[in-house]
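Open the model in your viewer and colour it by chain. This tour tells you what to select at each stop and what you will find there.

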Amino acid sequence: MSCATADDLRLLVDYWTGELPEEEALRLEEHLFACAACAARLGGVEQLATGLRHLARSGRFRSVVPPSLVDRLAADGARIRTYRLVSGAVTPCGVAADDELLAARLGADLRGVQRLDLVMWQGGGAEELVPDVPFDAAAGEVILAERVDRARAYPTHRLHLRLVGHGAGGERVVGEYALDHDAAGPPPERRS
Amino acid sequence: MGLARYRPDVDEELRSPEVDDPRALDDGVLASRIARGRDRPAELELCRRFAPRIRLYGLRHLREEAAAQDLVQDVLIAVLDRLRSGTVHDPGRLASFVLGTCRLTVANTRRGSARRAALLASAGGVAAASDPAPPRLDVDHLDRCLELLATRARAVVLLTFYAGEGADGIARQLGTTAGNVRVVRHRALERLRACLQARGEAA
């Protein structure tokens with residue numbers, strides 16, 4: 001195996017995640033112990049992985065995520081404040097001092113949706129388009145995880161959210177939701 | 001210049017002042033110097049060179065930092081012990097020998113505490129002098145770089161490295177294929193790496 005291996009990030013990542021076929025993994029290990037460049041490159045992958053784990057566990061990310069990530073964080077003891085949003089309704093929300101992550105779970109009929117966009121805006125403000133968000137149609141919901149370090153700085157405001165689905169039948173609005181954020185803090189306990 | 005004259009089967013060449021820096025020695029010569037007699041600089045270099053690789057092997061197979069650190073100590077101790085006793089069959093294949101020792105150590109049950117204590121007393125000082133823990137990333141920089149990823153890519157890397165999900169599982173959750181997940185993951189990591197390097201981080 002040549003030291004072009006150091007440039008093959010996909011190979012190193014598949015090895016690190018345990019997804020390389022066993023024979024290939026064994027050969028790569030032989031090479032990693034004999035090649036300083038490739039060992040250093042793998043070390044870089046490990047550092048990235050460790051850094052990403054740290055960001056995830058400390059709730060330092062804002063993203064649409066599948067339920068499994070939120071469930072895993074909760075199982076690891078993360079204090080997640082959850083709001084279940086129903087299309088057409090306004091949901092009061094806020095952030096408590098000891099919250100580590102916010103999760104807005106938008107209930108939606110995602111049958112037939114092949115691609116999903118999320119649009120967000122405040123009052124008369126500009127729309128923020130989050131295109132091609134991950135979703136699990138079977139779960140019937142979309143989860144927006146919001147970092148609390150930012151949310152604590154938000155003023156009292158209403159946030160509008162719209163899910164737009166694209167499928168064989170064209171484009172359709174899957175759901176429209178609203179969150180009434182109170183800068184003073186959350187409504188009665190909703191933590192998951 | 002020194003390496004061009006290097007003939008490891010000649011004793012005085014091994015101790016030539018022109019190759020005093022053990023970092024310049026290849027693995028086989030390093031092993032030979034250790035086998036020929038106590039050579040602390042060579043032993044320290046061996047530990048410096050292989051401790052990170054052993055730690056990564058430990059993290060990959062044991063998935064726990066503390067266990068990986070234990071593996072580093074145990075393997076370095078065992079390797080030094082064998083080199084000093086002259087019982088390494090082919091010092092020229094030092095890397096393979098270290099890897100084989102890693103595999104054996106992980107696969108076997110731990111040796112009795114008395115035996116380990118004795119080995120630590122004779123070889124642990126040198127092994128403990130190595131620090132395999134690499135420099136850490138600046139997570140604030142990584143935080144900013146992560147925000148620059150597309151939502152789907154961000155979800156893939158978080159599912160991979162926090163939730164420990166494989167490409168197949170992620171694909172099922174995102175309604176795509178495992179091949180697509182691997183492509184997204186690869187590109188996301190390349191982007192993170194480029195972003196960190198642009199901000200001056202080594203990755």
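Select A:E19 and B:A167. In this predicted model, the side chain of A:E19 reaches the backbone nitrogen of B:A167 at 2.6 Å. A:E19 sits in the loop between α1 and α2 of chain A. Now show what surrounds A:E19. Leaving aside neighbours within four places in sequence, A:E19 is in contact with A:D14 from chain A. From chain B, the contacts of A:E19 are B:G166, B:A167, B:D168, B:R182 and B:R185.

**The whole interface**

Next, select the residues where chain A and chain B touch. How many residues does each chain bring to the contact? Chain A brings 53 residues, and chain B brings 54 residues. The size of an interface is often given as the accessible area lost when the parts come together. Between chain A and chain B, the buried area is about 4900 Å². Carbon and sulfur atoms give 59% of that area.

Turn to the pairings across the interface. There are 13 salt bridges between chain A and chain B. There are also 22 residue pairs in polar contact, with both residues at pLDDT 80 or more.

Now hide chain B and look at the side of chain A that touches it. Among the elements that each supply at least two residues to this side are α1 (9-16), α2 (22-34), α3, β1 and α4 (67-75) of chain A. Which element gives the largest share? It is α3(A), with 18 residues. Colour this side by class: you will find 26 nonpolar, 10 polar and 17 charged residues.

Bring chain B back. Select A:E46 and B:R55. Side chains of opposite charge can pair when their charged atoms come close. A:E46 forms a salt bridge with B:R55, and their closest N and O atoms are 3.2 Å apart. The pair crosses between chains: A:E46 is in helix α3 (residues 36-57) of chain A, and B:R55 is in helix α3 (residues 40-62) of chain B. Is A:E46 buried or exposed? A:E46 has a relative accessible area of 3%, so it is buried. B:R55 is buried too, with a relative accessible area of 2%.

Select B:D143 and A:R60. Their side chains meet in a salt bridge of 3.0 Å, N to O. This pair also crosses between chains. B:D143 lies in helix α7 (residues 139-147) of chain B, while A:R60 lies in the loop between α3 and β1 (63-65) of chain A. Both B:D143 and A:R60 are buried.

A:R60, A:R147, A:D149, A:R150, B:D140, B:D143 and B:E147 are linked in a network of salt bridges.

**A bridge inside chain A**

For the last pair, select A:R62 and A:E146. Their side chains meet in a salt bridge, 3.0 Å from N to O. A:R62 is in the loop between α3 and β1 of chain A, and A:E146 is in strand β7 (residues 141-146) of chain A, so the pair ties together parts 84 residues apart in sequence. A:R62 is partly exposed, with a relative accessible area of 26%. A:E146 counts as buried, at 11% relative accessibility.

Finally, select every salt bridge. Over all chains, the structure holds 35 of them.

Technical notes:
Residues numbered from 1 in each chain as written. Chains lettered and ligands numbered in written order. Predicted model: local features only at pLDDT ≥ 70, side-chain atom pairs only at ≥ 80, totals over all residues. Heavy atoms only, no water. Salt bridge = Lys/Arg side-chain N within 4 Å of Asp/Glu carboxyl O. Helix = DSSP H or I, 4+ residues; strand = E, 2+ residues; numbered from the N terminus. Buried < 20%, exposed > 50% of the residue type's maximum accessible area, 1.4 Å probe, protein only. Contact = heavy atoms within 4.5 Å. Buried area = accessible area lost by both parts, 1.4 Å probe. Polar contact = N/O pair within 3.5 Å; in protein donor to acceptor, adjacent residues only side chain to side chain. Nonpolar A, V, L, I, M, F, W, Y, C, P; charged D, E, K, R; others polar.
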